[in-house]
Amino acid sequence: MNYTLKIWRQKNAADSGSFVSYKVENIDGETSFLEMMDVLNQQLVTRGEEPVAYDHDCREGVCGMCSMYINGRAHGPNELTTTCQLYMRHFKNGSTIIIEPWRAKPFPVIKDLMVDRSAFDRIQQAGAYISMNAGSAPDANNIMISKEAADAAFEAAECIGCGACVAACKNSSASLFVSAKLAQFALLPQGQVERYQRTLNMVQAMDAEGFGSCSNTSACEAECPKGISVKHIAMMNRDYLKATMCSEKVMS
Amino acid sequence: MSWTKDYFTSTIGRKFLMSITGLFLVFFLIEHLAGNLLLLLGDHGLTFNAYSDTMANNPIIRIVEIILFLSLIIHPVQALILTQRNRGARKTGYAVSKAGETSSWASRNMGILGSILFVFLVLHIANFFVSARFGDLGIDANGNKDIYTKVVDSFSMAWYSLFYIFCFLALGFHLIHGILSGFKTLGLSHKKYLPVVKSIGIILTVLFTIGFISIPAYFLINMII
Ligand code: HEM
Ligand code: SF4
């Protein structure tokens with residue numbers, strides 16, 4: 001199959017950037033979107049042109065690197081998929097595909113389709129950990145956890161930090177990401193000790209990075225490749241209120 | 001009290017303010033609609049005027065009125081602050097965005113819908129509240145302030161009735177997303193109760209929209225026939 005690609009090209013963070021059209025031909029339907037991009041880059045290198053810069057790593061849907069806004073949707077038109085797991089059979093032969101980087105002020109473009117998502121790392125550093133004595137390994141089942149609680153925490157822990165939630169949100173809100181990172185601890189006994197302090201720290205870190213507020217549109221949940229539920233955002237709101245009202249700590 | 005400031009200036013805290021004020025306004029609208037439907041009794045407004053009189057002289061209602069006006073200020077002010085922030089969080093937009101595939105129209109247009117409501121409220125309060133409370137209206141057969149005649153006069157202008165109907169449609173869209181969203185903002189999301197909240201939200205929205213539209217529609221139809 002043949003496609004016309006309209007790709008956002010931007011030399012560096014300071015460059016204003018623009019779309020450039022390319023043609024790719026003889027692409028098999030079983031080719032993944034990233035492999036198709038590789039084919040394009042091969043052509044560009046052969047022609048002595050600068051290849052398109054884009055993030056990719058595991059190519060099996062768990063690293064969260066392949067951030068591309070494809071035809072107006074984060075990671076393309078399919079649900080529960082990252083770009084690496086999106087196949088070209090989902091695009092009509094001869095169609096034009098528009099590829100943009102994530103757009104959010106806290107995710108500045110580094111080059112072409114690559115954005116800097118270190119804002120997410122800084123939010124995580126603000127509290128996404130538990131403090132414990134890391135002596136010898138504890139006995140198995142020392143802390144009892146119900147299957148339901150374990151599953152619920154795992155559901156939240158599936159977040160791969162890809163940033164599709166921010167990219168898809170009309171407010172560039174990071175609420176889904178932050179709430180998933182909070183919930184993976186808040187739903188387990190080990191996370192209780194620092195639960196409210198963590199919430200205060202991570203919410204304030206989220207705001208400090210300049211992300212928008214949550215309008216509960218649920219676009220994030222619809223675009224999340226891991227199907228993280230917006231119920232975690234409600235839990236974050238609840239915990240943030242509790243942390244403010246009930247904790248004796250005064251933050252600033 | 002820096003912790004209160006931290007909370008109420010955070011994105012979550014500001015949304016908390018929007019949510020409690022918005023939901024309070026929803027609560028108020030239940031009473032407001034019930035009262036206003038008395039306009040349709042066809043008794044030349046005697047019952048409606050008597051009801052208005054009771055409301056205006058009830059000390060509890062006067063206190064609630066203060067909360068009402070505070071809500072009407074806090075809600076749009078926070079909306080403005082958050083909208084500014086959210087715009088700033090995406091300086092360069094997408095060339096192509098298919099937001100319609102992942103979220104509802106109402107949820108993406110709360111600001112525009114709210115702005116329509118804001119214009120409505122300024123006109124509505126200036127026209128009815130100010131003249132009812134402070135204006136020089138006549139008295140009806142029972143000796144109550146004749147607010148009914150003021151209503152009839154206002155709705156004798158077709159454009160005024162049509163404007164009201166338009167604004168009530170905007171209210172409907174604002175609330176079809178707003179009521180459920182408000183609960184989520186407060187963190188009141190529970191597997192068992194959220195579907196109930198969702199249903200009540202839809203029922204209330206439909207009741208408000210049809211109920212409030214019925215009033216200008218009644219005067220409009222009366223004018224035509
Ligand atoms: C005065 C004019 C108004 C403006 C400018 C306004 C604006 C807004 C905006 C922009 C939002 C969305 C907030 C967000 O997306 O994060 C919102 C939410 C809401 N509005 Fe309004 N609104 C107004 C009047 C009203 C009225 C009259 C009611 C109720 C009768 C109401 C009830 C709500 C509710 C319940 C929410 C949901 C709050 C939440 O998401 O937590 N609003 N409003
Ligand atoms: S919540 Fe979903 S969309 Fe957001 S960063 Fe995590 S995996 Fe990606």
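Reader: Leaving aside its neighbours within four places in sequence, which residues is B:Ser161 in contact with?

Author: B:Phe155, B:Pro216 and B:Leu220. Contact here means heavy atoms within 4.5 Å. Before we go on: this is a predicted model, in which local features need pLDDT of at least 70 and side-chain atom pairs count only at pLDDT 80 or more, while totals for chains, interfaces and linings use all residues. Residues are numbered from 1 along each chain as its sequence is written, chains are lettered from A and ligands numbered from 1 in the order in which they are written, and side-chain values use heavy atoms, with hydrogens and water left out.

Reader: Okay, why is B:Ser161 called buried?

Author: Its relative accessible area is 0%, and buried means under 20% (exposed is over 50%, partly exposed in between, with a 1.4 Å probe and protein chains only). So B:Ser161 counts as buried. The residue sits in helix α8 of chain B; helices (H or I, at least four residues) and strands (E, at least two) are DSSP runs, numbered from the N terminus.

Reader: What makes the side chain of B:Ser161 and the backbone oxygen of B:Phe155 a polar contact?

Author: A polar atom of that serine side chain is 3.3 Å from the backbone oxygen of B:Phe155. The rule wants a pair of N or O atoms within 3.5 Å; within protein, one must be able to donate a hydrogen and the other to accept it, and residues adjacent in sequence count only if both atoms are side-chain atoms. So 3.3 Å falls within the cut-off.

Reader: On to charges: why is the pair A:Asp112 and A:Arg9 called a salt bridge?

Author: Their closest N and O atoms are 3.2 Å apart, and a salt bridge is a side-chain nitrogen of Lys or Arg within 4 Å of a carboxyl oxygen of Asp or Glu. So the pair qualifies. This one links distant parts of chain A, 103 residues apart: A:Asp112 is in the loop between β6 (109-111) and β7 (114-115), and A:Arg9 is in strand β1 (residues 3-9). Both ends count as buried too, A:Asp112 at 2% and A:Arg9 at 13%.

Reader: How do you know that A:Glu223 and A:Arg73 tie together separate parts of the chain?

Author: Those two form a salt bridge, with the closest N and O atoms 2.7 Å apart. A:Glu223 lies in helix α7 (residues 219-223) and A:Arg73 in strand β4 (residues 73-74) of chain A, so the bridge spans parts that are 150 residues apart in sequence. Both residues are buried.

Reader: How many salt bridges does the rule find across the interface of chain A and chain B?

Author: One. B:Glu101 pairs with A:Arg73, with the closest N and O atoms 2.5 Å apart. (Ala, Val, Leu, Ile, Met, Phe, Trp, Tyr, Cys and Pro count as nonpolar, Asp, Glu, Lys and Arg as charged, and the others, Gly among them, as polar.)

Reader: And what makes the site of ligand 1 shared between chains?

Author: Residues from chains A and B surround ligand 1, so both chains have a part in the site. There are 25 residues around the ligand, and A:Ser215, B:His75, B:His174, B:Ser181 and B:Thr185 come nearest; to be near, a residue needs a heavy atom within 4 Å. α2(B) gives the most to the shell, with eight residues.

Reader: How close is a polar side-chain atom of B:Lys15 to an oxygen atom of ligand 1?

Author: 2.8 Å. For A:Ser215, an N or O atom of the side chain is 2.5 Å from an oxygen atom of the ligand, and for B:Ser181 the value is 2.5 Å. The shell as a whole divides into 13 nonpolar, eleven polar and one charged.
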